Amino acid sequence: MVTPPLLHLEAVARAVRLPDGQTLEILRGIDLTVYEGAHVGIVGRSGTGKSTLLNILGLLDRPTAGHMLWDGAPTDRMSSRTASTTRGAQIGFVFQQFNLLPGRTALENVAHPLLYGTATDVRTRKKRAREVLEQLGLGHRADHVPNRLSGGEQQRVAIARALVRRPRLLLADEPTGALDVDTGRLVMDLLTEAAHASTAALITITHDPAIAARADRRFTLEGGVLT
Ligand SMILES: Nc1ncnc2c1ncn2[C@@H]1O[C@H](COP(=O)(O)OP(=O)(O)OP(=O)(O)O)[C@@H](O)[C@H]1O
Ligand SMILES: [Mg+2]
């Protein structure tokens, strides 16, 4: 049997109704096929619809037209409950602003997604969280809270948290946007390596062509389409 692509989009559009009654077509016809293990880079200037697209790819939002298949199944027939459990178990997100829980240690932040949908005890959760932190070179920072960590370290914690449930898809929205160039490079190396080691597909969305250049396949988002 042929394995279906993890994601398949055909003529996906996303429009929003503005308060003045006009319709804004943010995405007009996105065609994209992504297999597990792939690394796709999408570049686009500010306001071109990158985050809008990422929300659709991450099952946080739905297209207003077109077709999307997740693992061979049409997402328009997916209940919001299934979308939410699929997202929790199979998709990891990395954002520009890290989005860590401020009062929790690095280890607690990474272990947090394991509380949902998995029947593991606290020791098993912490063991798995420590393993992923170590993979990202942060074993020695496990007990630090986010504001005691550098930006690059916080983003590595966020990457560990995205990986902890062994997702099949990693979505990164401007993952280096809040970091200096050298730290950004290191974080991208770690993200790419981690995705590779786990066979997850990685989609990196950025305005920085140098970051997108690390992907195996690159697209530009402009005028609501990918080229
Ligand atoms: N719900 C909405 N209602 C109205 N306009 C919206 C809505 N969501 C997005 N937009 C508009 O659609 C465009 C694309 O937004 P989006 O956030 O996807 O861009 P982006 O490429 O991620 O930008 P940035 O690089 O600045 O993060 C923007 O002009 C934005 O203002
Ligand atoms: Mg954005």
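In which sense do strand β1 and β2 pair, and over how many bridges? Strand β1 (residues 7–17) pairs with β2 in the antiparallel sense, over eight bridges. Strands here are DSSP E runs of at least two residues and helices are H or I runs of at least four, numbered from the N terminus; two strands pair if DSSP finds at least two bridges between them. The model is a predicted one, in which local features need pLDDT of at least 70 and side-chain atom pairs count only at pLDDT 80 or more, while totals for chains, interfaces and linings use all residues. Residues are numbered from 1 along each chain as its sequence is written, and chains are lettered from A and ligands numbered from 1 in the order in which they are written.

Threonine 23 in β2 is the bridge partner of arginine 17. The two strands belong to an open sheet of four strands, ordered β2-β1-β4-β5, with antiparallel pairing. Because β2 and β5 (73–74) stand at the edges with a single partner strand each, one side of each has no neighbour in the sheet.

Arginine 14 is found in strand β1. Arginine 14 is buried, because 22 other C-beta atoms lie within 10 Å; the term requires 20 or more such atoms within 10 Å, with C-beta atoms placed from the backbone, whereas 12 or fewer make a residue exposed and counts in between make it partly exposed. Apart from neighbours within four places in sequence, arginine 14 is in contact (C-beta atoms, placed from the backbone, within 7 Å) with Ile26, Leu27, Thr52, Ile56, Pro63 and Thr64. Threonine 64 is 50 residues from arginine 14 in sequence, yet their C-alpha atoms are 4.9 Å apart.

Eleven of the 13 residues of α5 are buried, and what covers them includes α3 (106–111), α4 (122–135) and β7 (169–173). Valine 110 is in contact with residues including Leu133, Val157 and Ala160.

Around ligand 1 there are 13 residues, of which Ser46, Gly47, Lys50, Ser51 and Thr52 come nearest; a residue is near a molecule if its C-beta atom, placed from the backbone, lies within 6 Å of it. Helix α1 gives the most to this shell, with three residues.

Note on methods. Contact = placed C-beta atoms within 7 Å.
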